[in-house]
Amino acid sequence: MNPRHSACVACGGPLSYFGSRDSYDYHRCRGCHTIQLWPLPTQAELAAAYARDYAQAEHISSDPDLCIRTSRPYYRAVLDAIRSHAGTHGVRVGEVGAGWGGLAALVLEAGIDYEGVEPSREMAGYCAYRGLPVSTGDIAALRGGPFTALALVNVFEHLVNYDAWFARARAVLADGGIIVTAQPTAPFACFTRQVARLGRKNKPLPQIHQEFCPPWHIVFFSFEGMRWLADRYGFDLIDLRRTPQGRGAGLTGAIQTALEYT
């Protein structure tokens, strides 16, 4: 086993057992409190899994219209952040993990240049069917830079090879370019574990709203962990915002709406 996998991917601190789900173990950093799978999956294992069955793996809705509709608040929040920090004139957005194309359509409707990549062949094919400029692959497949902004919507928690990812991000970003990511965090993961398990520590980690969903969800960074990561790869963490809630159906949707106004 690679020794580096036994340390926190953010600050390098020691890990302790946090809980299990579907035969996978999550561990929590004793230093920055980031939560991660241990051992970490390899990039090759993830690529094979995405190409094979991610669209039907029940981590994300297999109904494109439903997924886009329920996730629209996330897309708007990411677009708002891009506008806040990069404006709109001459902006070019590259999206990593375009999914069914929800953010792609919104960005293009705003008159902003866009290119996206998506590792799931089924999802990338659906985007192409809709006429959206999304190709199959990961960040290495982005070809149209330099980009003013790289956008990720519920994607950063899926990454594992940060050395390669940030090297590629720096290569395709324009000078002064930004990364905008909407993602679940370690504090929220702790909250869902506490609420769902009701103090029963031997109970599996919950899959509420697909929170603990291995192997797809690899790392839930704490705010401190994100600062460590940004600093390591030469970026400044310039803004932290509370992500709006999605808009699911039934009781889930009602809870999401209530949480947004608490």
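Of the 262 residues in the protein chain, buried residues make up 47%. The model is a predicted one. Its chain contains 8 helices and 9 strands. Among contacts with a separation of 6 or more, 64% are between residues 24 or more positions apart. The accessible surface of the chain is about 12,900 Å², and carbon and sulfur atoms account for 53% of that surface.

An α-helix has 3.6 residues a turn, so residues three or four places apart point the same way.

Phe156, Tyr162, Trp165, Phe166, Phe221, Tyr233 and Phe235 make up one aromatic cluster. A charged group is found at one of these rings: the charged end of Arg170 sits over the ring of Phe235, 5.5 Å from the ring centre.

The structure as a whole holds 15 aromatic pairs. One of them is formed by Tyr26 and Phe212, with an edge-to-face arrangement, 5.3 Å centre to centre and 70° between the planes. This pair links distant parts of the chain, as Tyr26 is in strand S2 (residues 24-29) and Phe212 is in the loop between helix H6 (186-197) and strand S9 (219-220), 186 residues apart. Tyr26 and Phe212 are both buried. Another pair, Phe156 with Phe221, is tilted, with 5.7 Å centre to centre and 55° between the planes. Phe156 lies in the loop between strand S7 (147-153) and helix H5 (162-172), and Phe221 in the loop between S9 and helix H7 (223-232), so this pair ties together parts that are 65 residues apart in sequence. Phe156 counts as buried because its relative accessibility is 2%, and Phe221 counts as buried because its relative accessibility is 1%.

Charged side chains come next. Side chains of opposite charge can pair when their charged atoms come close. A search of the whole structure finds 3 salt bridges. One of them joins Arg92 and Glu115, whose closest N and O atoms are 3.6 Å apart. It links distant parts of the chain, with Arg92 in strand S4 and Glu115 in strand S5 (residues 113-118), 23 residues apart. Arg92 is partly exposed because its relative accessible area is 21%, whereas Glu115, at 11% relative accessibility, counts as buried; the cut-off for buried is under 20%.

Another salt bridge is that of Arg241 with Asp239, where the closest N and O atoms are 2.7 Å apart. Arg241 is partly exposed, with a relative accessible area of 44%, and Asp239 counts as partly exposed at 31% relative accessibility.

Asp22 and Arg21 also meet through their side chains in a salt bridge (3.7 Å, N to O). Asp22 is in the loop between strand S1 (15-21) and S2, and at 46% relative accessibility it counts as partly exposed. The C-alpha atom of Asp22 is separated by 8.9 Å from that of Leu205, a residue 183 positions away along the chain.

The backbone has several details to examine in the loops. Trp38 and Pro39 are joined by a cis peptide bond, with omega about 0°. Pro39 is placed in the loop between strand S3 (35-37) and helix H1 (43-53). A cis peptide bond also joins Gly145 and Pro146, with omega about 5°. Pro146 is in the loop between strand S6 (134-136) and S7.

Positive phi values also occur in loops. His33 is not a glycine, yet its phi is positive, at about 70°. His33 is found in the loop between S2 and S3 and is partly exposed, with a relative accessible area of 35%. Asn154, also not a glycine, has a positive phi of about 55°. Asn154 is placed in the loop between S7 and H5, and at 30% relative accessibility Asn154 counts as partly exposed.

How values were computed: Residues numbered from 1 in each chain as written. Predicted model: local features only at pLDDT ≥ 70, side-chain atom pairs only at ≥ 80, totals over all residues. Heavy atoms only, no water. Phe/Tyr/Trp six-rings, centres within 6.5 Å; stacked < 30°, edge-to-face > 60°. Helix = DSSP H or I, 4+ residues; strand = E, 2+ residues; numbered from the N terminus. Buried < 20%, exposed > 50% of the residue type's maximum accessible area, 1.4 Å probe, protein only. Lys NZ or Arg CZ within 6 Å of the ring centre and 35° of its normal. Contact = heavy atoms within 4.5 Å. Areas by Shrake-Rupley, 256 points an atom, 1.4 Å probe, with all protein chains shown as cover. Salt bridge = Lys/Arg side-chain N within 4 Å of Asp/Glu carboxyl O.
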